[in-house]
Amino acid sequence: MRSNNTSEPWRVGILFSRTGFMAVIEETQLRGTLTAIDEINDKGGINGRPVEPIVYDPGSDSKAYGLYAKKLMVEDGVSTIFGCYTSSSRKAVLPVVERLDGLLWYPTLYEGFEFSSNVIYTGATPNQNSVQLCRTLMELYGTRFYFVGSDYIYPRESNRIMRELIRHSGGSVVGERYVKFGADRSAFVPIMRDIQQVQPDVIFSTVVGEATVFLYQAYADMGLDPKVTPIASLTTSEAEVRAMGFDVGEGHLTAAPYFQGVGNDSNTTFVNRYKKRYGDDEPTNMCLEASYFQVNVFAKTLEKTNSMETNLMRDSVMGSEFDAPQGGVSINPIWGHADLWTRIGRANRQGQFDIVYESPTSVKADPYLIGYGRCLEYS
Amino acid sequence: MARYDHAAGKRGPSHKTAASAGQSNIQAQQKAFWDLDVAIIARRDDEGERLMRELQRLRCNVRHIWPMPPQIPVQFDLVFCTLTEDLPQRIPWIPGEPEAALVVIDCGTGELDLQLIHNCAAHGVLHYPATPRTTQTCVALARGHFLYEKRLRGRIDKLDENLRTMRSVERAKSLLIRMKDVTEEEAYNYLRRQAMERRVTIGAVANAIIDSHELLS
């Protein structure tokens with residue numbers, strides 16, 4: 001593995017679902033990962049050796065993520081895994097990489113309050129999205145929030161944090177509903193009726209997967225007006241908006257480190273290359289971008305260590321910087337989470353997000369919200 | 001230690017009490033093995049028989065399983081299992097979340113594969129012959145590591161929970177300071193007093209205050 005004059009490939013594992021109810025978004029994460037790997041290989045690989053991906057499809061089943069992670073590490077002899085969208089799938093992989101000492105690169109926003117020496121987190125934590133989203137929503141729409149979420153760890157935890165932020169800023173949560181993981185269209189009709197009655201100022205959605213489409217469509221069918229009561233989300237990206245229809249998504253808000261509309265050279269190149277490969281009407285999104293840049297951070301690190309040993313990789317990646325499509329990002333050495341940009345976008349008729357807020361610099365990851373102990377009004 | 005005491009005991013009658021104290025000490029230690037549910041997944045040859053007898057002598061509940069099942073059964077406290085190349089695939093649990101202590105039996109032939117042992121995430125390795133010493137140390141260490149890992153996992157869960165509680169207490173405290181116009185110290189004492197009087201945790205009181213504040217406001 002450490003020999004310098006070998007052309008043997010660097011083998012890495014990839015775990016994203018191409019089937020099941022998480023496929024819409026995870027398919028884009030898979031593409032982001034493979035695009036980055038292809039670009040690296042086109043340039044001659046890392047220290048003269050190509051990267052060889054070993055890809056499994058866990059089919060949106062959390063338990064399968066744990067089993068495939070084990071298979072990757074035990075049978076395929078891989079130590080680096082790129083993958084996971086939902087927190088339940090991450091938590092299934094966690095014991096495997098911790099016990100066998102692997103490194104999971106996790107390119108998805110999540111609820112924070114986690115740290116592991118065997119994970120690099122490259123999606124946003126609540127201080128990088130929820131805090132500013134809450135502030136913006138209160139300024140623009142009002143203080144009465146209604147929560148709708150899928151019933152699993154991420155929505156419950158995100159809502160706990162959001163509730164904390166809202167209460168401390170003098171707002172209130174006037175409703176809270178959860179739908180089954182992989183819920184169908186009909187699950188949202190009673191919720192929309194309730195929303196019509198309660199008349200909140202904002203609907204905060206933590207619905208993920210296919211059901212996202214049903215939520216926004218049910219909203220549109222009910223004739224509600226996004227200018228008055230928008231749906232705000234941390235997960236609804238260009239991919240979901242395309243799936244629900246541009247007219248349905250228009251006017252709703254999302255907080256994310258990246259939107260396709262981010263204006264810089266690195267992003268223009270990224271978007272053009274992606275379209276060339278997958279088609280002109282294929283949008284990019286935050287999870288795709290994180291999947292893409294984390295492979296590049298991995299490659300830069302491996303170039304230095306020339307070894308995939310987890311402890312060497314981890315020590316070396318801490319503090320490293322990369323010019324990502326979203327702007328300059330770095331891996332925060334305290335937490336092993338990425339310092340990312342905070343942006344809030346409003347979906348337009350073209351299925352893109354108009355940026356209504358952008359942080360002046362990247363925002364340091366604070367997964368345990370240590371710097372946000374009290375409330376928004378003091379920060 | 002037992003052997004030393006035994007030898008010392010032979011030297012003269014004056015050591016007899018020390019010797020029997022040592023004997024009862026080792027017996028007390030072995031009590032930890034009593035009624036442990038142990039599976040032996042190994043060929044029932046002379047060596048296998050010997051391991052089985054040794055475990056029975058330690059008063060474990062021993063079950064012999066052979067040929068090797070496609071999945072290692074999960075209902076045991078401790079599993080002795082012959083090391084084979086496909087053992088990791090036969091282990092039904094996820095590495096890091098073991099359901100039993102696992103000792104792999106290395107038969108001593110062929111090339112040593114440390115990566116394979118790593119992949120099994122085993123708690124110990126037994127080399128034949130299964131002498132009383134080898135067997136006892138294997139059982140004790142494997143069981144010890146397994147339980148220690150479990151306690152650590154429990155501690156992490158508890159820490160995660162505490163972290164959430166501390167945030168609730170912080171929030172409740174700041175609510176009290178604002179609503180009742182008291183100092184931070186007084187707010188904290190109030191929470192503590194309430195918890196004591198109601199015999200609930202301080203976190204539960206904090207959550208109740210936060211929830212009721214939400215209802216009232």
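1. Helix pair in chain A. Helix 2 of chain A and helix 3 of chain A are roughly parallel to each other. The model is predicted. Helix 2 covers residues 62–74 of chain A, and helix 3 covers residues 87–100 of chain A. Their axes come within 7 Å and cross at roughly 25°. Angles under 35 degrees count as roughly parallel, therefore this pair qualifies. The crossing of helix 2 and helix 3 of chain A is right-handed.

2. Residues at that contact. From helix 2 of chain A come A:Ser62, A:Lys63, A:Tyr65, A:Gly66, A:Ala69, A:Lys70 and A:Met73. They meet residues of helix 3 of chain A, including A:Ala92, A:Val93, A:Val96, A:Val97 and A:Leu100. Also on the helix 3 side are A:Ser88 and A:Ser89. By class, the residues of this contact are eight nonpolar, four polar and two charged.

3. Chain A against chain B. Here 15 residues of chain B are in contact with 15 residues of chain A. On the chain B side, helix 5 (114–120) and helix 6 (132–180) each supply at least two residues. Helix 6 of chain B gives the most, with five residues. The side of chain B that touches chain A has five nonpolar, five polar and five charged residues.

4. Domains of chain B. The domain assignment gives domain 1 (2–153) and domain 2 (155–216) in chain B. Their C-alpha centres lie 48 Å apart.

5. Sheet in chain B. Five strands of chain B form an open sheet. Their order is 2-1-3-4-5, and the pairing is parallel. Which strands are at the edges? They are strand 2 (61–65) and strand 5 (124–127) of chain B, each pairing on one side only. From one strand to the next, the twist averages 20°.

6. Strands 1 and 2 of chain B. Strand 1 of chain B spans residues 37–41. Five bridges join it to strand 2 of chain B, and the two run parallel. B:Ala39 stands opposite B:Arg63, a residue of strand 2 of chain B.

7. Helix 6 on the sheet. Which strands does helix 6 of chain B touch? It packs on the sheet and touches strand 3 (78–82), strand 4 (101–106) and strand 5 of chain B. The direction of helix 6 makes about 170° with that of strand 5 of chain B. Helix 6 of chain B also contributes five residues to the side that touches chain A.

Methods: Residues are numbered from 1 along each chain as its sequence is written. Chains are lettered from A and ligands numbered from 1 in the order in which they are written. This is a predicted model: local features need pLDDT of at least 70, side-chain atom pairs count only at pLDDT 80 or more; totals for chains, interfaces and linings use all residues. Axes are lines fitted to C-alpha atoms, for helices over the stretch in contact, and angles run from 0 to 180 degrees between N-to-C directions. Helices (H or I, at least four residues) and strands (E, at least two) are DSSP runs, numbered from the N terminus. Angles under 35 degrees count as roughly parallel, over 145 as roughly antiparallel, 65 to 115 as roughly perpendicular and the rest as oblique. A crossing is left-handed if the near helix is turned anticlockwise from the far one by less than a right angle, and right-handed if clockwise. Two residues are in contact if their C-beta atoms, placed from the backbone, lie within 7 Å. Ala, Val, Leu, Ile, Met, Phe, Trp, Tyr, Cys and Pro count as nonpolar, Asp, Glu, Lys and Arg as charged, and the others, Gly among them, as polar. Domain bounds come from an automatic or database domain assignment. Two strands pair if DSSP finds at least two bridges between them.
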